[in-house]
Amino acid sequence: MVIYLKLFLTFLKIGAFTFGGGYAMLPLIQEAVLDNGWMSNEEIVNFIAVSESTPGPFAINSATYVGMQMGGLFGAFCATLGVVLPSFVIILIVAKIFDKFKNNKTVAGCMTGLKPVVIGMIAAALLSLAKTVFIPNGFSTGIFSEPSFYISLGIFAVMTVLAMKKAHPILIICISAVVGIASGFILGL
Amino acid sequence: MNEKMKRIFTLFITFFKIGAFTFGGGYAMIPLIQKEVVEKHKWITDDDILEIIAIAESTPGPIAINSATFVGYRTAGFFGAFFATLGVVLPSFILISVISLVLEEFQDLKAVKYAFFGIRAGVLGLIVKALVSMYKKCPKKTVSYAIMIAGFILVAFLKVNILLVIIGSAILGFVSSVAELRRDD
């Protein structure tokens, strides 16, 4: 019982405090799943790949996935309900008072702070995920003699360029997977 | 079936389709919503789409949910909102539930491990790209840069609670915009 309530409340909070689309939710999800010990940083990155290669919003995908892992189908239901509910209720209210809301200076003012902070927080999430990817066992000078370090770095560099050139995320994930499998078996990582 | 129930049913099907066929969620859904809801069913206008984007950006929660709820409400009231939202959520929910079971089965395979080793590095590239495009859309003001950098440092190094950072920056944004208005007067 406790886990279902916890999943619901955690994702309710995430749904209520995420502003902006796409990865805006990432810092909050990362903090929640790490604090609760539900997922590791490595699992988070794995999951982002799953989410990018399946349809649907990142928010719903991650709520369903974390819920499913921690509490089966009912857990998935509780987490997804939690992440959806704040939007649903707030939009119903806003749809009624839309004309007042549209020109509200308080809302517009808050947004001038929220937009940039989301970027800073995603950058922070990226940094900690990058640590897990490049130096999974913590930093030591030994890392520079590990082939896996250079392979990861190479994949990252090429895929960033491809992503900037608007390559489709699924293509990027497929190429990364092939390079990962090939180098894994060749080098016996 | 009366007219309203027909609408609600069509809303559900339409948003189910939107949920099932857009990758990346959020903004990626807007063109599809426009095609289905504005051009095909003529439930709302292009102006409404712009309003939806503006609202979705300034209210919490995923853009996909915000737009489904808003379009549903405008089209058929509360039940319209309910079924449109249910429709957009359902494909993800079903698919991810299945995948999470399948993934568990295969995660110990060597090939899968190697694949994810490569994929993890590639995913970082996707996040970098998302960051750059968000940065381009952000207003270029001193206050914005200050809040961006402060948010990064507070979360990355000082491990400050994210809710506090979000609430603090909303207040700061509000105060700075009030100050700006005063100065302009």
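Predicted model: local features only at pLDDT ≥ 70, side-chain atom pairs only at ≥ 80, totals over all residues.
Residues are numbered from 1 along each chain as its sequence is written, and chains are lettered from A and ligands numbered from 1 in the order in which they are written.

Contact between the two involves five residues of domain 1 of chain A and six residues of domain 2 of chain A, with two residues in contact if their C-beta atoms, placed from the backbone, lie within 7 Å. On the domain 1 side, α3 (41-52) and α6 (105-134) of chain A each supply at least two residues.

As for the fold of chain A, it has eight helices and zero strands, where helices (H or I, at least four residues) and strands (E, at least two) are DSSP runs numbered from the N terminus. The C-alpha trace of chain A spans about 60 × 40 × 30 Å along its principal axes. Of the 189 residues in chain A, 54% count as buried, that is, 20 or more other C-beta atoms lie within 10 Å of the residue's own, with C-beta atoms placed from the backbone. Among the contacts in chain A with a separation of 6 or more, 60% come from residues 24 or more positions apart.

Helix α2 (residues 26-35) of chain A is largely enclosed by the rest of the structure, because eight of its 10 residues are buried. The buried set runs A:Leu26, A:Pro27, A:Leu28, A:Ile29, A:Gln30, A:Glu31, A:Ala32 and A:Val33. Their cover draws on both chains: it includes α1 (2-17), α3, α4 (58-96) and α6 of chain A, together with α6 and α7 of chain B. After α2(A) comes A:Gly37, whose phi is positive, near 70°.

Further along chain A, helix α7 (residues 147-164) packs against helix α8 (residues 169-187) at an angle of about 160°, with the axes 11 Å apart. Axes here are lines fitted to C-alpha atoms, for helices over the stretch in contact, and angles run from 0 to 180 degrees between N-to-C directions. The angle makes α7(A) roughly antiparallel to α8(A), a label for angles over 145 degrees. The crossing of α7(A) over α8(A) is right-handed, meaning that the near helix is turned clockwise from the far one by less than a right angle. A:Pro147, A:Ile151, A:Ile155, A:Met159, A:Leu162 and A:Ala163 of α7(A) meet A:Ile172, A:Ser176, A:Val179, A:Ser183 and A:Leu187 of α8(A). By class, this contact has nine nonpolar, two polar and no charged residues.

Helix α8 of chain A also holds A:Gly180, which counts as buried because it has 27 C-beta neighbours inside 10 Å. A:Gly180 is 32 residues from A:Ser148 in sequence but 9.4 Å away in space, C-alpha to C-alpha. Leaving out residues up to four places away in sequence, A:Gly180 touches B:Tyr114, B:Ala115, B:Phe116, B:Phe117, B:Gly118 and B:Ile119.

On to the contact between chains: 79 residues of chain B are in contact with 83 residues of chain A. The chain B side takes two or more residues from each of α1 (3-21), α3 (46-58), α4 (63-106), α5 (110-137), α6 (142-156) and α7 (162-184) of chain B. Its largest share, 21 residues, comes from α5(B). By class, the chain B side has 52 nonpolar, 23 polar and four charged residues.

Chain B is likewise assigned a domain 1 (3-106) and a domain 2 (130-184), and their centres lie 30 Å apart over C-alpha atoms. Within chain B, the axes of α1(B) and helix α2 (residues 30-40) come within 10 Å and cross at roughly 160°, which makes α1(B) roughly antiparallel to α2(B). α1(B) passes α2(B) in a right-handed crossing. From α1(B), B:Thr14, B:Ile18 and B:Phe21 meet B:Leu32, B:Ile33, B:Glu36 and B:Val37 of α2(B); the residues of this contact are five nonpolar, one polar and one charged.

Notes
Nonpolar A, V, L, I, M, F, W, Y, C, P; charged D, E, K, R; others polar. Parallel < 35°, antiparallel > 145°, perpendicular 65-115°, else oblique. Buried ≥ 20, exposed ≤ 12 C-beta atoms within 10 Å, placed from the backbone. Domains from an automatic or database assignment.
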